[in-house]
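Me: I'm new to reading protein models. Could you walk me through this one, starting with the ligand?

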Amino acid sequence: MNKIDINNCTILITGVAGFIGGALALRLITSTKARIIGIDNLNDYYDVRLKEYRLDVIREIDVNHRFVFKKLDIVDRDAVYDLFNSYKPDIVVHLAAQAGVRYSIENPYVYIQNNIVGFFNIIDACRKMIEMNAPVRHFLFASSSSVYGNNEKIPYLESDNTDHPVSLYAATKKADEVIGYSYAQLYGIPMTGMRFFTVYGPVGRPDMAYYKFTEELVKGKNVKLYNQGKNKRDFTYIDDVVDAIEKIMQKTPVVDRNGATYDIYNIGSNHPLETVEFVKILSEALKEHRVLDEDFVVDDSIVLCDAVVGDVDVTYADTERLYECFGIKPKHKIDDGLKRFAEWYFAYRNQ
Ligand SMILES: NC(=O)c1ccc[n+]([C@@H]2O[C@H](COP(=O)([O-])OP(=O)(O)OC[C@H]3O[C@@H](n4cnc5c(N)ncnc54)[C@H](O)[C@@H]3O)[C@@H](O)[C@H]2O)c1
């Protein structure tokens, strides 16, 4: 295990205009002296103005001009190689992907392109940098809690079986883990996968349930809760996720028995909550921050529906390994995190 002083590093973040990428770039600019190269293709899977807004916020705080943004599609192999050649990143945090479980049912090809071909282009560029004598010192990538499928044993441990994905999205993330492992083993690229569990918070993703529920409640519409509102999610606050990524990037994995410098961690909150309960806490936060009227009664807007294809019943992270290896535990409670989301949402909507 090697320690890396990130202050002297060039850090490449893919998907930097995204929810997690944007928050990570902000953190690294404020808490380190690293140079940040951010790439994103700014696709319109959700409102591009939100992606532009995230980039504007980063540029605003980047008073020392340590942030460079390039609009780039990771599916374009030559463009990816050129980028690596130009900036020779020390650390790569690969977050760019087509996210979303339900969208993968309708649009499978997009997932193969972005999550498998795109992922491969990034790790193959890491391989090329070895030939160029400028090896990437640590490659981190986003996997997902969805790799656990509908495993009955909870909480999910990193060593649990992940061979039974119930969506193509999950299958692409599992594929990234094994393709990544092969490259870590073959070329000695230090590599860490991060299985994120339902990340939420300010400047979040409009396609995710909490954001959609908010928009629906604001418009006076009903919110549909699948599986009768009994699905449980391990909602994880964005700052806890960024804390984890920042810590993980500073320590490369130890070599395993196959000679691979590879590891994987759950990044979750370890506190699963039923969606019906979640919506109630969300509505209280929205009332407190004037997004909803004080006398709003959320129960009148909840419609309980059957389960949908691709959704898992429970996500529940065992976060002990993250604590053992990096000494961190998720800090933010759901009501506090949702209040911060509501506060941001009010300001964003009224800007
Ligand atoms: N947010 C969560 O709850 C969650 C949970 C599990 C896993 N993840 C994973 O974490 C990563 C980041 O998620 P997020 O919530 O920030 O999603 P996001 O959609 O907000 O960010 C992803 C970014 O990647 C960009 N992108 C997509 N395809 C690209 C391509 N071909 N070339 C360049 N850029 C491209 C998008 O424009 C977007 O800005 C993703 O890999 C996602 O699958 C997220």
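Reply: A polar contact is a pair of N or O atoms within 3.5 Å. Here, a backbone N or O atom of isoleucine 74 sits 3.0 Å from a nitrogen atom of the ligand. The protein covers 97% of the 820 Å² of accessible area that the ligand has on its own, by the Shrake-Rupley method with a 1.4 Å probe. Keep in mind that this is a predicted model, where local features need pLDDT of at least 70, side-chain atom pairs count only at pLDDT 80 or more, and totals for chains, interfaces and linings use all residues. Residues are numbered from 1 along each chain as its sequence is written, and side-chain values use heavy atoms, leaving out hydrogens and water.

Me: Which side chain has a polar atom 2.6 Å from an oxygen atom of the ligand?

Reply: That's aspartate 40. Glycine 18 instead uses a polar backbone atom, 3.2 Å from an oxygen atom of the ligand.

Me: Is strand E2 mostly covered or mostly open?

Reply: Buried means under 20% relative accessible area with a 1.4 Å probe, counting protein chains only. Strands are DSSP runs of E, at least two residues, and helices are runs of H or I, at least four, numbered from the N terminus. E2 (residues 35-40) is mostly covered, with 5 of its 6 residues buried.

Me: Which strands pair with E2?

Reply: Two strands pair if DSSP finds at least two bridges between them. E2 pairs with E1 (residues 10-14) in the parallel sense over 5 bridges, and 5 bridges also join E2 to E3 (residues 67-71), again parallel.

Terms used
Buried < 20%, exposed > 50% of the residue type's maximum accessible area, 1.4 Å probe, protein only. Polar contact = N/O pair within 3.5 Å; in protein donor to acceptor, adjacent residues only side chain to side chain.
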